[in-house]
Amino acid sequence: MSRIGKHPVQIPAGVTATVNGQTVHVSGPKGELERTFTDAITITLEGDQIAVGLIDGVEESNAQQGLTRTLIHNMVVGVSEGFEKKLELIGVGYRATLKGTDLELALGYSHPVLYKAPQNITFVVPDNTHITVQGISKEQVGQVAAEIRSKRAPEPYKGKGIRYEGEVVRRKLGKAAK
């Protein structure tokens with residue numbers, strides 16, 4: 001039985017939510033999100049709370065309750081506060097700059113790498129070795145950060161590359177002397 005799924009999602013002031021069957025639409029000061037969920041659960045709007053319930057006789061209902069509740073909670077937090085992921089560039093000559101809304105990365109290749117900003121995503125470059133990815137969808141922010149990191153993932157010998165802020169890269173020794 002899901003423990004997190006039993007708790008209703010509180011809707012803060014300034015955020016409006018509508019439930020139409022299995023579709024939940026949430027709008028707030030940062031933007032709007034809409035998502036359609038599986039028929040294995042029930043979604044009800046009760047005042048300033050959204051409750052996710054089980055359907056008797058449906059096997060996957062119990063498994064989907066906690067997931068659905070968490071996804072709705074992430075939608076509410078996203079339109080009210082937003083999400084962000086921070087990346088660090090480590091390596092000589094590795095730097096990031098903004099070209100309009102797009103991100104231009106110098107990663108040791110013979111050419112600069114240009115990453116176009118998807119819709120609802122903004123990049124902040126406080127200095128040339130740090131990148132902040134901001135948006136209202138937690139999934140999209142994480143996906144964009146992972147795609148940027150994959151342009152030059154940290155390597156285990158010198159630790160050069162793009163890493164998440166606070167990420168620890170396990171280093172290898174390399175050639176051992178006799």
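Which residue in E13 does leucine 87 stand opposite? Tyrosine 164 is the one across from it.

**View 1. The whole protein, a predicted model.** Local features here need pLDDT of at least 70, side-chain atom pairs count only at pLDDT 80 or more, and totals for chains, interfaces and linings use all residues. Residues are numbered from 1 along each chain as its sequence is written, and side-chain values use heavy atoms, leaving out hydrogens and water. You'll find two helices and 13 strands in the protein (DSSP runs numbered from the N terminus: helices are H or I with at least four residues, strands are E with at least two). Along the principal axes, the C-alpha atoms fill a box of roughly 65 × 45 × 25 Å.

**View 2. Strand E7 meets strand E12.** E7 covers residues 83-90 and E12 covers residues 130-135. The two run antiparallel, joined by six bridges (strands pair if DSSP finds at least two bridges between them). Look for glutamate 84, which faces glutamine 134 in E12.

**View 3. Strand E7 also meets strand E13.** Here E13, residues 161-164, runs antiparallel to E7, and four bridges hold the count. This is where leucine 87 and tyrosine 164 stand opposite each other.

**View 4. Inside the protein, and its charges.** Buried residues (under 20% relative accessible area, with a 1.4 Å probe and protein chains only) make up 35% of the 178 residues. As for charge, there are 22 positive side chains and 19 negative ones (Lys and Arg count as positive, Asp and Glu as negative; His and the chain ends are not counted). The centres of the two sets lie 16 Å apart, placing each charge at NZ of Lys, CZ of Arg, CG of Asp or CD of Glu.

Technical notes:
Buried means under 20% relative accessible area, exposed over 50%, partly exposed in between (1.4 Å probe, protein chains only).
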